Amino acid sequence: MSDLNKLGLAEARDALRAGDVTSVELTEACLKAIDEADALNAFVHKTPEIAMERAKAADERIKGGDAPSMCGLPIGIKDLFCTKGVPSQAASGILEGFKPEYESTVSQQLADAGAVMLGKLNMDEFAMGSSNETSVYGNAVSPWRRGNDDTQLTPGGSSGGSAAAVAADLCLAATGTDTGGSIRQPAAFVGITGIKPTYGRCSRWGIVAFASSLDQAGPMTKNVRDAAIMLETMCGHDAKDSTSADLAVPNFEAMLTGDIKGKKIGIPKEYRMDGMPAEIEKLWADGAAMLKDAGAEIVDISLPHTKYALPAYYVIAPAEASSNLARYDGVRYGHRAQLAQGDGITEMYEKTRAEGFGHEVQRRVMVGTYVLSAGFYDAYYNRARKVRTLIKKDFEDVFAAGVDAILTPATPSAAFGLGEMTEADPVQMYLNDVFTVTVNLAGLPGISVPAGLDTQGLPLGLQLIGRPWEEGDLLNTAYALENAAGFVAKPGKWW
């Protein structure tokens, strides 16, 4: 078999079981593709020795006949996941040189299932960004191009390295994390599938925290079936994470029937934004028509507090970030600034944090500290928490009325060029999260499915939002949408 790195998880798993290919061969194909793709800057810490060791062990396990679905499959791990003995920097200068002595629960579960780690993937610093332009490693670059234009495009953020690596076939799948859209937006930008599960479905232990009440890990894969396979391995109760749900994890792949007859799909009127590109409008309408043709009932719904979601998110997330990032002070691990004669501990903190954190992280820490300060706590943070409760209730009311899933666009546009959204106006960048942040505020599962191309040949995605804990049902609806959309476009290789 040639081009083994172009296989998806399900195809590769079946080929491994049939003896048509070995994990070592799959892994070698991916490592070769990674070495040829430095122009994408997707893999920032390569781990070929670990990969080959795990691949050999996986082949033995498959021969023994007791291998789980993920066994022998080469994947990439976002740099936000702590991986034992391997640099885990969260793309930040302040964690330079940090090699944890422990493994995050999610990456451990994948390793236990026999998955092969190829290396660590680029991302926005501390997962703060929508374009992968805030990374200490430099920008991750999308494998896609606009027509014949050679402008470098963003793969989205913060899981930009994961998105670029999966879309460019450098790995069969990758882990991502999603605090306000960081799995779903990049997945939409590069034409792959990304699911953020219900808050509490995946353990957050060992994942560098951004905003603890919003963060959730999930898989980024080449199609919906692969997402179902990988998500099942990543989920499960973890006593080390107090927000982890003690619920049985179903066989998500077995739930992919493609039958959605009689399902109610809601179309929220509040997501029709002023100035929404006609291409996004059309894609959304086409998606609704596809689901209707598949037997679903399309109903108009209202989520009245949607307009407050972005402001509430950009109060709550920076507030939690300022609290979580207080631990990076140059004392125990990571970067410590050089001190001048007479400098005390305060100067050490100040200089270390000023040098170690990038501009976007500094901005969010300052905003977060401001909204938590004594005079402004009630005016901003407490009010945002109340708005969050109202947003959550909007969804609860819709689901109580019998709606099974909600269909929205995933992003307000196709991928933009690196540098096109200037740092001078961070709000423009924040608006990229307009369709995704509500899902995190309400703790719901959401999935992005590639559904078409814009006039410049760039992928566009649709988002489905599901009921809490019903990822299986959500994946099945996404599977029906994927089958109807028939998206098979791949980026032309230029790197």
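This is a predicted model: local features need pLDDT of at least 70, side-chain atom pairs count only at pLDDT 80 or more; totals for chains, interfaces and linings use all residues.
Two strands count as paired when DSSP finds at least two bridges between them. Strand β7 (residues 264-268) and strand β8 run parallel and are joined by 5 bridges. If you look along this pair, you will find K264 standing opposite E297 in β8.

Let us now step back to the whole sheet. Strands of a sheet pair through backbone hydrogen bonds, either parallel or antiparallel. Here the sheet is open and has 11 strands with mixed pairing, in the order β1-β3-β2-β4-β6-β5-β10-β11-β9-β7-β8. The edges are taken by β1 (43-46) and β8 (297-301); each has a single partner strand, so one side of each is left without a neighbour in the sheet. From one strand to the next, the twist averages 30°.

Is β4 buried or exposed? Of its 6 residues, 6 are buried, so β4 is largely enclosed by the rest of the structure. Both of its faces are covered: A173, T175 and T177 are buried on one side, and A174, G176 and D178 are buried on the other. On one flank, β2 and β4 run parallel and are joined by 2 bridges, and I75 stands opposite A173 in β4.

Strand β4 is also joined to β6 by 6 bridges, and these two strands run antiparallel. You can trace the pairing residue by residue: T175 has P219 in β6 as its bridge partner, and G176 stands opposite G218 in β6. Strand β6 (residues 216-221) is mostly covered too, with 6 of its 6 residues buried. Strand β6 also pairs with strand β5 (residues 193-196) in the antiparallel sense, over 2 bridges. In that pairing, G194 stands opposite M220 in β6.

Between β5 and β6 the chain forms a loop, and I207 has its place there. I207 is buried, with a relative accessible area of 13%; the cut-off for buried is under 20%. Which residues does I207 touch, not counting residues up to four places away in sequence? They are L80, F81, S104, T177 and A217.

Helix α3 (residues 48-64) lies across β1 and β3 (116-121), running at about 160° to β3. Helix α7 packs on the sheet as well, touching β2 (74-78), β4, β5, β6 and β10 (446-453), and its direction makes about 145° with that of β6.

Helix α7 has a helix partner, too. Two packed helices are described by the angle between their axes and the distance between the axes. For helix α4 (residues 105-112) and helix α7 (residues 224-234), the angle is about 110° and the axes are 8 Å apart. Angles of 65 to 115 degrees count as roughly perpendicular, and α4 and α7 are therefore roughly perpendicular to each other. On the α4 side the contact is made by V106, Q109 and L110, and on the α7 side by M230, T233 and M234. These contact residues divide into 4 nonpolar, 2 polar and no charged.

Another helix to find is α15 (residues 471-485). Its 15 residues reach 20 Å from the first C-alpha to the last, close to the 21 Å expected at 1.5 Å a residue. Helix α15 is mostly covered, with 12 of its 15 residues buried; among them are L474, L475, Y479 and L481. After α15 comes G486, whose phi is positive, near 60°.

Most residues other than glycine have a negative phi, and most peptide bonds are trans. What is the phi of A127? It is positive, about 65°, although A127 is not a glycine. A127 lies in the loop between β3 and α5 and is buried, with a relative accessible area of 3%. N132 lies in that loop as well; N132 has a positive phi of about 60° although it is not a glycine, and N132 is buried, with a relative accessible area of 0%. S158 is also found in the loop between β3 and α5 (160-167). A cis peptide bond joins G157 and S158, with omega about 5°.

Key. Residues are numbered from 1 along each chain as its sequence is written. Side-chain values use heavy atoms; hydrogens and water are left out. Axes are lines fitted to C-alpha atoms, for helices over the stretch in contact, and angles run from 0 to 180 degrees between N-to-C directions. Helices (H or I, at least four residues) and strands (E, at least two) are DSSP runs, numbered from the N terminus. Angles under 35 degrees count as roughly parallel, over 145 as roughly antiparallel, 65 to 115 as roughly perpendicular and the rest as oblique. Contact means heavy atoms within 4.5 Å. Ala, Val, Leu, Ile, Met, Phe, Trp, Tyr, Cys and Pro count as nonpolar, Asp, Glu, Lys and Arg as charged, and the others, Gly among them, as polar. Buried means under 20% relative accessible area, exposed over 50%, partly exposed in between (1.4 Å probe, protein chains only). The expected span of a helix is 1.5 Å times one less than its number of residues.
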